[in-house]
Amino acid sequence: YSFIVHQSRLLFLVEVISQDIRVICETAFGAASVVHEKILEIFLTVDDGGEPNEDKAIPGVRRAQVILATYYMVHGKDEYAKRIRESGFGVENHKSLWSLMKELQNITTKDFWEVSERGTNFTFIPPEQKKELPIFFSWFPEFALDCPFTGAEKKKYERQQALLNFE
């Protein structure tokens, strides 16, 4: 399904698919369902089909992967989070990892500010999951807690972050 969407260049739908499967994974895990492992396997293939260096859908998929990984970490299942890290991520640079962590840390509103049939913000995660973000990202050798941006690049980044919780 996501492969077809990738090929059709309907990139926002790739993120929607990854977020939907993430929620299904969380629900299956929470219910101790026998299908949880199979759903997780499907989740880990959502970004298959795109070109890694050119695919604009990848950031949305990465957000869903990190959110699910921190969900597992909160529930004491680091092995699932590490599986996401190993299967879902290629070589990521420090700027993209740091930006992703900060974006997820900075989202404070659960409800989406724009009129939408979905009604909730894809990237909102509860505080207990936010606490796991630095640990998850520390598993990447390319990651460091220091800000990789300077000068005009830093100002641009700060403006983008200010828009995350538009109310």
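In this model, S18, I21, R22, I24, C25, A28 and F29 of helix α2 meet H36, I39, L40, I42 and F43 of helix α3, where contact means heavy atoms within 4.5 Å. Sorted by class, the contact of α2 with α3 has 9 nonpolar, 2 polar and 1 charged residues. In this scheme Ala, Val, Leu, Ile, Met, Phe, Trp, Tyr, Cys and Pro count as nonpolar, Asp, Glu, Lys and Arg as charged, and the others, Gly among them, as polar.

The model is predicted: local features need pLDDT of at least 70 and side-chain atom pairs count only at pLDDT 80 or more, while totals for chains, interfaces and linings use all residues. Residues are numbered from 1 along each chain as its sequence is written, and side-chain values use heavy atoms, with hydrogens and water left out.

Helices (H or I, at least four residues) and strands (E, at least two) are DSSP runs, numbered from the N terminus. Of the 167 residues in the protein chain, 46% are buried; buried means under 20% relative accessible area, exposed over 50%, and partly exposed in between (1.4 Å probe, protein chains only). Among contacts with a separation of 6 or more, 72% are accounted for by residues 24 or more positions apart.

The geometry of α2 and α3 can now be described. Their axes come within 9 Å and cross at roughly 160 degrees. That makes α2 roughly antiparallel to α3. Axes here are lines fitted to C-alpha atoms, for helices over the stretch in contact, and angles run from 0 to 180 degrees between N-to-C directions. Angles under 35 degrees count as roughly parallel, over 145 as roughly antiparallel, 65 to 115 as roughly perpendicular and the rest as oblique. The crossing of α2 and α3 is left-handed; a crossing is so described if the near helix is turned anticlockwise from the far one by less than a right angle, and right-handed if clockwise.

Helix α2 (residues 11-30) also packs against helix α4 (residues 58-74): the two axes come within 8 Å and cross at roughly 10 degrees. α2 and α4 are therefore roughly parallel to each other, and their crossing is right-handed. On the α2 side the contact is made by V14, E15, S18, Q19, R22, C25, E26, F29 and G30, and on the α4 side by G60, V61, R63, A64, I67, L68, Y71 and Y72. These residues divide into 9 nonpolar, 4 polar and 4 charged.

A further pairing joins α3 to α4. Their axes come within 12 Å and cross at roughly 150 degrees, and the two helices are therefore roughly antiparallel to each other. α3 passes α4 in a left-handed crossing. H36, L40 and F43 of α3 and A64, Q65, L68 and Y72 of α4 make this contact. It comprises 5 nonpolar, 2 polar and no charged residues.

For its 20 residues the span should be 28 Å, and the end C-alpha atoms of α2 are 29 Å apart, which agrees. Phi of A32 is near 55 degrees, a positive value in a residue other than glycine. With a relative accessible area of 67%, A32 is exposed.

Helix α6 (residues 94-106) passes the length check as well: its 13 residues should span 18 Å, and its end C-alpha atoms are 18 Å apart, which agrees. Within α6, H94, L97, W98, S99, L100, M101, E103 and L104 are buried. Their cover includes α4, α7 (127-130), α8 (133-138) and α9 (151-162).

M101 of α6 has a relative accessible area of 1% and is therefore buried. Leaving aside residues up to four places away in sequence, M101 touches L133, P134, F137, F143 and L145. The C-alpha atoms of M101 and K130 are separated by 8.9 Å, although these residues are 29 apart along the chain.

K82, in helix α5 (residues 78-88), counts as partly exposed because its relative accessibility is 38%. Its C-alpha atom is separated by 8.2 Å from that of F136, which is 54 residues apart from K82 along the chain.

Methods. The expected span of a helix is 1.5 Å times one less than its number of residues.
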